[in-house]
Amino acid sequence: MEPIRIAIVEDEEGNQKILQNYLDRLSKEKGLLFRISVFDNGVTFLDKYQAEYDLVFMDIQMPYENGIEVSKALREKDKYVSIIFVTNYVAYAVNGYEVNALDYIVKPIDYYDFALKINKALTLMEKHAEKESYIMLSTSDGYQKIPIMSIRYVESQKHSVIFHTIEGTIKKYASIKSVEKMLPENVFVRCNSCYIVNLNYVTRVDKFDLYLGTESLMISHPRKKEVMKRLVDFAKDFHGGEGK
């Protein structure tokens with residue numbers, strides 16, 4: 001069984017322990033396996049974030065930067081992770097739609113409310129898992145199975161391609177055209193002759209520069225229209241067809 005990866009971003013030690021105890025209780029009741037990381041502020045949490053969590057419990061009132069602002073920065077790095085706000089006041093969580101938050105929990109944290117919200121998150125994760133798929137790559141080190149959604153972009157380099165994933169890079173002897181056929185076209189787009197990009201990781205487009213966080217790739221003039229159309233279509237799908 002693969003563990004469910006959970007981050008608790010909460011500055012109060014008492015609430016950290018409550019959430020950990022509740023997760024331990026739920027683990028025993030449901031037969032689930034959780035891998036939990038705890039952070040006492042959002043700055044430390046974001047510092048080396050690599051889209052490695054399935055669920056984040058985010059306190060709203062924290063030192064340095066509040067949970068809403070931390071979540072906005074988180075969404076630039078990870079569009080899929082489920083966020084549940086933890087707050088003293090419901091009014092503080094009403095802006096959760098700005099970061100596509102799943103839900104919120106009001107302090108003091110009640111176990112049954114907690115269990116209801118996390119079960120909602122687990123259902124969503126199962127739906128995402130059903131859509132998840134893998135590709136098998138033959139490399140100089142043998143065969144390697146990688147989740148398609150972990151690929152940020154693919155780069156063509158001479159007679160090889162480099163898969164830039166959330167866990168590192170993988171080099172393979174192949175053409176970028178052959179790789180393009182392996183990837184779902186509703187998620188990946190070719191932005192020039194050298195790059196195929198996962199639309200999940202695109203944070204903005206500035207003229208002919210496409211950004212994945214702080215990293216930028218160039219969009220070729222002939223592909224600009226197609227790239228922008230695909231981004232718009234992807235955004236509609238992601239938000240459930242808003243505006244239709």
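What follows is a conversation about the terms used for this model and the values behind them.

Colleague: What should I know about numbering and confidence before reading anything in detail?
Modeller: Residues are numbered from 1 along each chain as its sequence is written. This is a predicted model, in which local features need pLDDT of at least 70 and side-chain atom pairs count only at pLDDT 80 or more, while totals for chains, interfaces and linings use all residues, and side-chain values use heavy atoms, with hydrogens and water left out. As pLDDT is the predictor's confidence in each residue, from 0 to 100, the mean of 87 for the protein chain, with 91% of its residues at 70 or more, is to be read on that scale. Over residues 239-244, however, the pLDDT is below 50, and beyond near neighbours in sequence this stretch has 3 contacts in the model, a contact being heavy atoms within 4.5 Å. Where pLDDT is low, the predicted coordinates should not be read in detail.

Colleague: What makes strand S2 and strand S5 the edge strands of the sheet?
Modeller: Helices (H or I, at least four residues) and strands (E, at least two) are DSSP runs numbered from the N terminus, and two strands pair if DSSP finds at least two bridges between them. On that basis 5 strands form an open sheet with parallel pairing, in the order S2-S1-S3-S4-S5. S2 (34-39) and S5 (103-106) each pair on one side only, and they are the edge strands.

Colleague: How do you know that S1 and S3 pair?
Modeller: The requirement is at least two bridges, and S1 (residues 4-9) and S3 (residues 55-59) have 4 bridges in the parallel sense, with Ala7 opposite Val56 and Val9 bridged to Met58. S3 also pairs with S4 (residues 82-87), in the parallel sense over 5 bridges, and here Leu55 has Ser82 as its bridge partner.

Colleague: Why is S3 described as largely enclosed?
Modeller: Buried means under 20% relative accessible area, exposed means over 50%, and partly exposed lies in between (1.4 Å probe, protein chains only). In S3, 5 of the 5 residues are buried, so the strand is largely enclosed by the rest of the structure. Leu55, Phe57 and Asp59 point one way and Val56 and Met58 the other way, and all are buried. In a regular strand the side chains alternate between the two faces of the sheet.

Colleague: What makes Tyr22 and Phe114 an aromatic pair, and why is the pair called tilted?
Modeller: Rings of Phe, Tyr and Trp (its six-membered ring) pair if their centres lie within 6.5 Å, and planes under 30 degrees apart count as stacked, over 60 as edge-to-face and the rest as tilted. By this rule the count comes to 11 aromatic pairs. Tyr22 and Phe114 are 5.4 Å apart centre to centre with 50° between the planes, and the pair is tilted. Tyr22 lies in helix H1 and Phe114 in helix H4 (residues 111-131), so the pair ties together parts that are 92 residues apart in sequence. Tyr111 and Tyr112, at 5.5 Å centre to centre and 75° between the planes, form an edge-to-face pair. Tyr111 is buried at 4% relative accessible area, whereas Tyr112 is exposed at 59%. Tyr22, Phe57, Tyr111, Tyr112 and Phe114 form one aromatic cluster.

Colleague: How do you know that the charged end of Lys224 sits over the ring of Phe208?
Modeller: A charge sits over a ring if NZ of Lys or CZ of Arg is within 6 Å of the ring centre and within 35 degrees of the ring normal. The charged end of Lys224 is 4.5 Å from the centre of the Phe208 ring, and Lys117 lies over the face of Tyr104, at 5.3 Å from the ring centre.
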